[in-house]
Amino acid sequence: MLLEIKNLRVKYGNIEALHGISFGVKKGEIVTLIGANGAGKTTTLHTITRVPPPEGPRVVEGDILYKGQSMLKVEPHDVVQKLKIALAPEGRHIFGNLTVEENLKLATYARKDVERIPKDYELVYRLFPRLYERRKQRSESLSGGEQQMLAVGRALMTGANFLLLDEPSMGLAPLLMYEMFRALKELNQKEGITILLIEQNAKLALEFAHRGYVLDTGEIVLAGDSKELMNNPEVKKAYLGG
Amino acid sequence: MLESVIQNILNALQWGSYYSLIALGYCLVYGVLLLINFAHGDIFMVGAYIAFFVSTLLLGHYGFLPFALPKGLVLALTIPLTMFLTSCVGVFIERVAYRPLRRKGANRLYVVITALMAGLILENGNLALLGASRKNFPELLDKTVYTLGSVAFTNVKIIVILAAFLVFWLLNFIVTKTKIGMAMRAISYDRFAVPLMGIPVDTIIVFTFVLGSSMAAIAGILFAMSYPILDPYMGAMVGWKAFIAAVVGGIGDIRGAFVGGFILGFVEILVVAFFPSTFRDLIAFTILLIILSIKPTGIFGVAKTTKI
């Protein structure tokens, strides 16, 4: 396993949000976490990226291993800088007062592999040609879908080889949504980028991912190949609309 | 008539320069932390005092140096040394006073109160350490008075104004063109996402305090060169005024803070030109209040919008 979550229990203040979950992601895989609102999906990603308390969750038990090493003591910026894990957060969190280009440039802030940066610009602009058209615009003037592309593009520009995507389809028109997932699939296949995806749209997520886990109120209740999950009657009933 | 207008404009620009340089520090820290750093006016005072001690030391007043350095060299050394030492004070305050609160997720109100206390500690610490007697700042530059017609101005006045513009130009370059400046702007918009870019937020915050404090240090030196009497409370009123100037300009924007400082300078001088000088602050602040009631976000300020 590249990333291994072991019996992870986390709290916000006194409220326990994850009750000891365990799962893993192998190198080159696309894994999805599906579940309803409040199931703990975003919390899981925030724990991995070490968002510090008080906004972030506090780990009370368990461990997160990356390449076999515990990453609980890693500083948030080092998750990106040293471990090369990048998050495209829910709600995008783009820097609206910067241009599209500046947003992408800022993501290269801490990169040491400077020679690879031009290639990554090319990659992002090829995946999302619209960002190239708008590169000089202040990013708050972009449409919601374009902002989402920027959030994903920015995560790529950090030079990460492990992407955590939190609801990348949110607010996207269906056509754009498929375009984005096609682009992500291509990244996974051609660049070998590992992806951990969170989606409300379970159908889309399971079509896209190799494997999946179902999270329900802070616990993993089901796990398996995407196909298996898609045909599972419980999943069908709860997440795929019957 | 024309002479007195020009004379007044020069005076306004001079006072505007002090306010602007200090207002920029308020603005930077506010942009990055959403904190109104009320200790900043006192950092200006600390800057002036540090400049006093550095320059008198270099002039050989305490006998630490076997020889006295020439005045020009002393000035050239005092500026960077003062900037450095004042930055250390600014960063120290952020480390011991603001950062622990931030780590605990304290409400911003408490941080502002802490800033007020930090300012009072600086003032009273100074008073306790150095006593109530005022310090005479040494003359580091031979004062030359130029006269054009009946307009008279000193070289110091011109230097103050030019220095303010130069510092602003430099700061503007840092904020708009460099990556660290970009990170500062990014933090002001969305602090959560900054570490996700691999950027250590604390480093950017420390850098911001270094910038703000060194500008306050420059203001302190320039002020002491023009008005060479230093006392522990010299930063209080100037600091408040600079803060108001920053708000009037639009506190989230360095152009706003810079312009706001000069607006305040002009308003003050203009009031004194027509009214008794005891009316100065009353009328000046009334005018600023009117500007704010018309445009609450300040002249350059814009309300932030987020897209869902």
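How are helix 3 of chain B and helix 4 of chain B oriented to each other? Keep that in mind as you open this predicted model, in which local features need pLDDT of at least 70, side-chain atom pairs count only at pLDDT 80 or more, and totals for chains, interfaces and linings use all residues. Residues are numbered from 1 along each chain as its sequence is written, while chains are lettered from A and ligands numbered from 1 in the order in which they are written.

**Stop 1: two helices of chain B**

Select residues 71–103 of chain B for helix 3 and residues 108–130 for helix 4. Helices here are DSSP runs (H or I, at least four residues) and strands are runs of E (at least two), numbered from the N terminus. The two axes come within 9 Å and cross at roughly 160 degrees; axes are lines fitted to C-alpha atoms, for helices over the stretch in contact, with angles from 0 to 180 degrees between N-to-C directions. Helix 3 and helix 4 of chain B are therefore roughly antiparallel (angles over 145 degrees count as roughly antiparallel, under 35 as roughly parallel, 65 to 115 as roughly perpendicular and the rest as oblique).

Now show the side chains of Ile93(B), Ala97(B), Tyr98(B) and Leu101(B) on helix 3, facing Tyr110(B), Val111(B), Thr114(B) and Ala118(B) on helix 4. Two residues are in contact if their C-beta atoms, placed from the backbone, lie within 7 Å. By class, this contact holds 7 nonpolar residues, 1 polar and no charged (Ala, Val, Leu, Ile, Met, Phe, Trp, Tyr, Cys and Pro count as nonpolar, Asp, Glu, Lys and Arg as charged, and the others, Gly among them, as polar).

**Stop 2: another helix pair**

Next, pick helix 2 (40–58) and helix 7 (residues 201–226) of chain B. Their axes lie 7 Å apart, at an angle of about 60 degrees, and the two helices are therefore oblique to each other. Helix 2 of chain B passes helix 7 of chain B in a right-handed crossing. Residues to highlight include Phe44(B), Ala48(B) and Phe52(B) in helix 2, and Ala216(B), Gly220(B) and Phe223(B) in helix 7. The contact comprises 13 nonpolar and 5 polar residues, with no charged ones.

**Stop 3: two loops of chain B**

Go to Leu34(B), in the loop between helix 1 (2–33) and helix 2. Leu34(B) is not a glycine, yet its phi is positive, at about 55 degrees. With 15 other C-beta atoms within 10 Å, Leu34(B) is partly exposed (20 or more make a residue buried, 12 or fewer exposed, and numbers in between partly exposed, with C-beta atoms placed from the backbone).

Then find Pro228(B), in the loop between helix 7 and strand 4 (229–230) of chain B. Pro228(B) is partly exposed too, with 16 other C-beta atoms within 10 Å. Setting aside neighbours within four places in sequence, Pro228(B) is in contact with Asn136(B) and Phe137(B).

**Stop 4: where the chains meet**

Show both chains: 26 residues of chain A are in contact with 18 residues of chain B. On the chain A side, helix 2 (76–81), strand 6 (85–88), helix 3 (100–106) and helix 6 (144–157) each supply at least two residues. Helix 2 of chain A gives the largest share, 4 residues. That side has 13 nonpolar, 9 polar and 4 charged residues.

**Stop 5: a sheet in chain A**

Colour the open sheet of 4 strands in chain A, whose order is 2-1-4-5 with antiparallel pairing. Strand 2 (15–25) and strand 5 (69–70) stand at the edges with a single partner strand each, so one side of each has no neighbour in the sheet. Strands pair if DSSP finds at least two bridges between them. Strand 1 (residues 3–12) and strand 4 (residues 58–66) pair over 7 bridges, with Ile64(A) as the bridge partner of Ile5(A). Strand 1 and strand 2 pair over 8 bridges, and here Arg9(A) partners His19(A). In the hairpin of strands 1 and 2, with 2 residues between the strands, Gly13(A) takes a positive phi near 60 degrees.

**Stop 6: two threonines**

Select Thr47(A) in helix 1 (residues 41–48) of chain A. Thr47(A) counts as buried, with 24 C-beta neighbours inside 10 Å. Beyond four places in sequence, its contacts are Leu8(A), Val10(A), Pro57(A), Val59(A) and Ile64(A).

Finish at Thr217(A), in the loop between strand 9 (211–216) and strand 10 (219–225) of chain A. Thr217(A) has a positive phi near 35 degrees and counts as partly exposed, with 13 C-beta neighbours inside 10 Å.

Methods:
Left-handed = near helix turned anticlockwise from the far one by under 90°.
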